[in-house]
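Have a look at the model first.

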Amino acid sequence: MKLFSLALILAVCCFLTNCAPPKKESKKKYSVTVVTGTKPYAGTDANVYITLINGRHSSDKNELRNKYNDDFEPGNIDTFTITAKNLTSITGIRIEHDNTGDSPGWFLNKVVVADKSTKKAYEFPCYQWLAKDAADGQTSKELPLSKVINL
């Protein structure tokens, strides 16, 4: 009887506070194009990650890696497909690396994130070093949206 009463109380409290089970988070695929600069030693051997941002909402951190490719070399334009939280639009990104490898410093020109479902691409210029031993010593940058491109 006590167990039934407790279950009934929990059910009523849940109903009154509208505590429905959490909804499964909607995800979608994005295409991420990264342009590495052409300066000497601009490429990186570090692991690179991106987080998509829309105001107070953000995706999980996604690693950018193409198996068997030598990504992020000077002058490279590398494209990746990630699965991330479905954001209605993208207002910023966080791009970062883990400072590993023989040559972790990286000069990033820009990142373009394309959402084929909305036919929009979002451009994030950087034109800075992400390196412990250059510029501001940071390996992570939060980049604001520069422009939206209709695909």
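What follows covers the nonpolar core and then the salt bridges.

This is a predicted model, so local features need pLDDT of at least 70 and side-chain atom pairs count only at pLDDT 80 or more, while totals for chains, interfaces and linings use all residues. Residues are numbered from 1 along each chain as its sequence is written, and side-chain values use heavy atoms, with hydrogens and water left out.

**Nonpolar core**
- The largest nonpolar core has 24 residues (buried Ala, Val, Leu, Ile, Met, Phe, Trp, Tyr and Cys joined through side-chain atoms within 4.5 Å).
- Ile50, Leu52, Leu64, Ile93, Ile95 and Val113 have the most contacts inside this core.
- At least two core residues come from each of β1 (27–36), β2 (48–54), β5 (77–85), β6 (92–97), β7 (106–115) and β8 (120–130); strands are DSSP E runs of at least two residues, numbered from the N terminus.
- Leaving out residues up to four places away in sequence, Leu52 touches (heavy atoms within 4.5 Å) residues including Tyr30, His57, Ile82, Ile93 and Val113.

**Salt bridges**
- The whole structure has 6 salt bridges (a Lys or Arg side-chain nitrogen within 4 Å of an Asp or Glu carboxyl oxygen).
- Lys28 and Asp115 pair up at 2.7 Å, N to O.
- Lys28 sits in β1 and Asp115 in β7, so their bridge ties together parts 87 residues apart in sequence.
- Lys28 and Asp115 are both buried (under 20% relative accessible area; exposed is over 50%, partly exposed in between, with a 1.4 Å probe and protein chains only).
- Arg65 and Glu63 meet at 4.0 Å; Arg65 is exposed at 57% and Glu63 partly exposed at 33%.
- Asp136 and Lys141 come within 2.6 Å, with Asp136 partly exposed at 45% and Lys141 buried at 8%.

Terms used: Helix = DSSP H or I, 4+ residues; strand = E, 2+ residues; numbered from the N terminus.
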